[in-house]
Number of protein chains: 2
Amino acid sequence: MIRQICVQGLGFVGIATATVLATVKNEVGNPLYNVIGVDLNTDQGLNRINSVNSGHIPFSCEDEVFKKELNEAVVINKNLRATHDEKVYQNADIIVIAINLDVKKNKRNYYKSKVFIEDFINAIRILGKNMKKDCLILIESTIPPGTTKMVVEDLLKEEFYRRGIKSTPLICHSSERVMPGKNYLDSIINYWRNYSSNCAKARQIAENFLKSFINIKNYPLTYFKDTTSTELAKVLENSYRALNIAFIYEWTLLAEKIGINLFKVIDSIKKRKGTHDNMMKPGFGVGGYCLPKDGLLAQWSIENIFHISNLKLKMTIEALQINDKMPLHTFDLIKNELGSIKGKKFVMCGASYLSDIADLRNTPTKVLYTKIKEHGGTCHISDPFINDFEGVFDKNDIYTGSDFKDYDVIIFAVRYDSYLNLNPIKFVKSIKRGALIVDTFDILNDEKIKYFLKEKINVIGVGKGHIKNMKDEIS
Amino acid sequence: MIRQICVQGLGFVGIATATVLATVKNEVGNPLYNVIGVDLNTDQGLNRINSVNSGHIPFSCEDEVFKKELNEAVVINKNLRATHDEKVYQNADIIVIAINLDVKKNKRNYYKSKVFIEDFINAIRILGKNMKKDCLILIESTIPPGTTKMVVEDLLKEEFYRRGIKSTPLICHSSERVMPGKNYLDSIINYWRNYSSNCAKARQIAENFLKSFINIKNYPLTYFKDTTSTELAKVLENSYRALNIAFIYEWTLLAEKIGINLFKVIDSIKKRKGTHDNMMKPGFGVGGYCLPKDGLLAQWSIENIFHISNLKLKMTIEALQINDKMPLHTFDLIKNELGSIKGKKFVMCGASYLSDIADLRNTPTKVLYTKIKEHGGTCHISDPFINDFEGVFDKNDIYTGSDFKDYDVIIFAVRYDSYLNLNPIKFVKSIKRGALIVDTFDILNDEKIKYFLKEKINVIGVGKGHIKNMKDEIS
């Protein structure tokens, strides 16, 4: 029997999950699931719904398999469609929750940041009003620890009570660990998963469901009895990454002052596999959806779910603050080199927050872009594979050319392959003599930097104190 | 021709290095080096010297190969001996510096901690006065970044000038990354090494020397042009570990409050190899020689070698402070459970700072021991394989029995195998009914904890908030 699956939320994760589920086959090769993606009846929601129903991903996407599988599921197999109609939840055997739980930072006091729990509560209530009593709710969203037990379960029980349903709602929490990029779909199937449930029956259904699309042979599932553990695991693992990025920042400042190439030093340390190879490197800043905010979800829980006073995740929150300010360090480096920003023409190469994907969410490029304009510089944005900069950068500031002769400062902000493979001889011909190149992320190797310096092109770099020494040697 | 090697400093690292060097053979199987270990003409120094000259390691040691190789080198091959006579430096082709550079923390203000650079300077001066002009100085000590270039090189040049030697002293820096324990010697031979030098000639000699005893086939050397990079690498890699221990502390507090087993959560995260598997676990505290202090060496450099104002390694130093206080958290847990410490009888099982070795340096056990006594408790120390507690614990407080019936509180502080393999049924018979067991390091699994609770033995644990839930289930 084909099971009915709803996926609530057609964002990055929701569409990918829906697509993977639509590809699952039974023993004789027929689809195991009929999948319906649900989003809101808003402009954004309808846009996503229409896109999915025409067989296309509504986001820029680097994963060709993902594109193909979505199209096949919608157009050929017809076991994947999207809607804003909440009534579809009434027939669902399993509902996967893949909606956002957003945070708005209080820049003056991160501890007072706003967590949009209300939006999440509203979404859960809709499920409670519509779902079958034995439908499994599987929460994939990253949420404050304790939310499943203290918020979701209570809400669903309340709605069940209103509807005269006496049984306990079946709830499971299992954070996705999707990695955007070329292997988007694969990162759902071939990766480690935690899961937890509110009861044995929910556990059983969830386990069978997860097994049906995750390669558990190579990536066995880890079960937790309490849902708070799996929620905590997700925010802790992202806080760990954010912390280790922030940690390197203070060593970056030191390396720059004392003439050290910190990238090379860290490479030598990372050889110690298992103990030191998670070490992060100097960089331009942190973007994306998760790393800049997940620590705040845990801090919010402490106060608003567990009502614990006097417990602050100090290092965790401090790390987020350091990372948010990190792009301004590149600004300081430039200002220190130029004296004044006013009237200078900048081009920033790279708009995405990460090298392997076209994704503008919380991109540090925006932070530096804004700062440069505030200080009277003009700033154009160039990116080899993002076309849609809407709502992030000014349309007039998008630069699609390859001749940089107009610019006083050229900033490399993302480790795109095309930048890493830059031909220095050709590049020098395309830029202004005396221009300043800014390498924010070890994009240029020493050979190229030396060539630029010899050609009277100035170069500075984040974490690359040794460029000073190279300049001394050349002059 | 047999080369003359001196090793300055017969501490943990010096004796191990000297022993490895004495085992190096040429193509026909004869010793390549004649090795002389040098220590000071003090009680401690003479004790070490006499011990080495009788073929024995003057420290407790878990590495049987190390014991055997040292004995063979001294007694049979006779190419290793020890002395306090500084004149032996006059014949050395290579001098390996393996002396301590100690730090005394200013507990009120870590930024004002004292670095004993004077002792290091005196040791270098002795070399400068005695060494041949073409002798290579290889510094293995962990020292403040910049010391080789700004301190050692200047000192040696000064002494050369006084002696009328015009050539540049040959200097290399290459931090050891020795790991104490069962594979002590092996960790010198089979491990990654950085090295750097003040000139091409020093590089060449150092490279050949390092190649002669390091397995460079599997662990290729990494060369840095400037000595500050290799110095920085060492203090950064240890600061990274210290930071990640401190980071988990705030999540430990949270996990305990909200009923989570943080060890299990972290295990599930560490499955993500390469990105998350360096994550540290909750624990009792940080000891040993390096991790509690190395960050302070870098901060000291900033102010005293590079004279940079307004640059603080804030996260790095904060981590050291958190780690130093960590054992007091176990105290708080106990106090919270017992109400009062006064008159209670404690036994702490485990005195070493780490599980695989018998090493009391900066052991967190001492911190808790002191705190318990301050609060009017008695505290005995039990350890399965340390015999010599001198200068660390009170002789009268050493407990060597196996019957714990006298004690109100039994604290497991070190993950020794014998504790991990504890037989709970036998153990319950050896302790007082109603006693409190404190698990500081995930030494007891849930099965054992459940058994203890059922037998009316109380249990609490660092990072083990879930024990509360187990108690609720049982009662």
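**Figure 1. Secondary structure and dimensions of chain A in the predicted model.** Chain A contains 17 helices and 15 strands. The C-alpha trace of chain A extends over about 80 × 55 × 40 Å along its principal axes. The radius of gyration of chain A is 25 Å, which agrees with the value near 23 Å that a compact globule of 475 residues would have. Of the 475 residues in chain A, 50% are buried. When contacts in chain A between residues at least 6 apart in sequence are considered, 74% of them link residues at least 24 apart.

**Figure 2. Packing of helices α4 and α5 in chain A.** Helix α4 of chain A comprises residues 117–130, and helix α5 of chain A comprises residues 147–162. The two helices pack at an angle of about 40°, and their axes are 9 Å apart. The crossing of α4(A) and α5(A) is right-handed. On the side of α4(A), the contact is formed by A:Ile121, A:Ile124, A:Arg125, A:Gly128 and A:Lys129. These residues meet A:Val151, A:Val152, A:Leu155, A:Leu156, A:Glu159 and A:Phe160 of α5(A). Classified by residue type, the contact of α4(A) with α5(A) has seven nonpolar, one polar and three charged residues.

Figure 3. B:Leu70 is buried, because 26 other C-beta atoms lie within 10 Å, and the cut-off for a buried residue is 20 or more. Apart from neighbours within four places in sequence, B:Leu70 is in contact with B:Thr19, B:Gly55 and B:Ile57. B:Lys114 is 44 residues from B:Leu70 along the chain, and the C-alpha atoms of the two residues are separated by 35 Å.

**Figure 4. The contact between chain B and chain A.** Chain B and chain A each give 42 residues to the contact. On the side of chain B that touches chain A, the elements giving two or more residues are α8 (227–258), α9 (262–270) and α11 (314–338) of chain B. Helix α8(B) supplies the largest share of this side, 16 residues. The residues on the side of chain B that touches chain A divide into 23 nonpolar, eleven polar and eight charged.

**Figure 5. Symmetry relating chain B to chain A.** Chain B is superposed on chain A by a rotation of 180° with 0.0 Å of shift along the axis, at an RMSD of 0.0 Å. This is therefore the relation of a two-fold axis. In chain B, the C-alpha nearest the axis belongs to B:Asn278 and lies 3.0 Å from the axis. The same surface serves both copies, as 100% of the contact residues of chain B recur in chain A.

Figure 6. B:His307 counts as exposed because 8 C-beta neighbours lie inside 10 Å, and the cut-off for an exposed residue is 12 or fewer. With 6 C-beta neighbours inside 10 Å, B:Asn310 counts as exposed.

Methods:
Residues are numbered from 1 along each chain as its sequence is written. Chains are lettered from A and ligands numbered from 1 in the order in which they are written. This is a predicted model: local features need pLDDT of at least 70, side-chain atom pairs count only at pLDDT 80 or more; totals for chains, interfaces and linings use all residues. Two residues are in contact if their C-beta atoms, placed from the backbone, lie within 7 Å. Axes are lines fitted to C-alpha atoms, for helices over the stretch in contact, and angles run from 0 to 180 degrees between N-to-C directions. Helices (H or I, at least four residues) and strands (E, at least two) are DSSP runs, numbered from the N terminus. A crossing is left-handed if the near helix is turned anticlockwise from the far one by less than a right angle, and right-handed if clockwise. Ala, Val, Leu, Ile, Met, Phe, Trp, Tyr, Cys and Pro count as nonpolar, Asp, Glu, Lys and Arg as charged, and the others, Gly among them, as polar. Copies are superposed by least squares on the C-alpha atoms of residues with pLDDT of at least 70 in both. The radius of gyration is taken over C-alpha atoms; the globule rule is 2.2 Å times the number of residues to the power 0.38.
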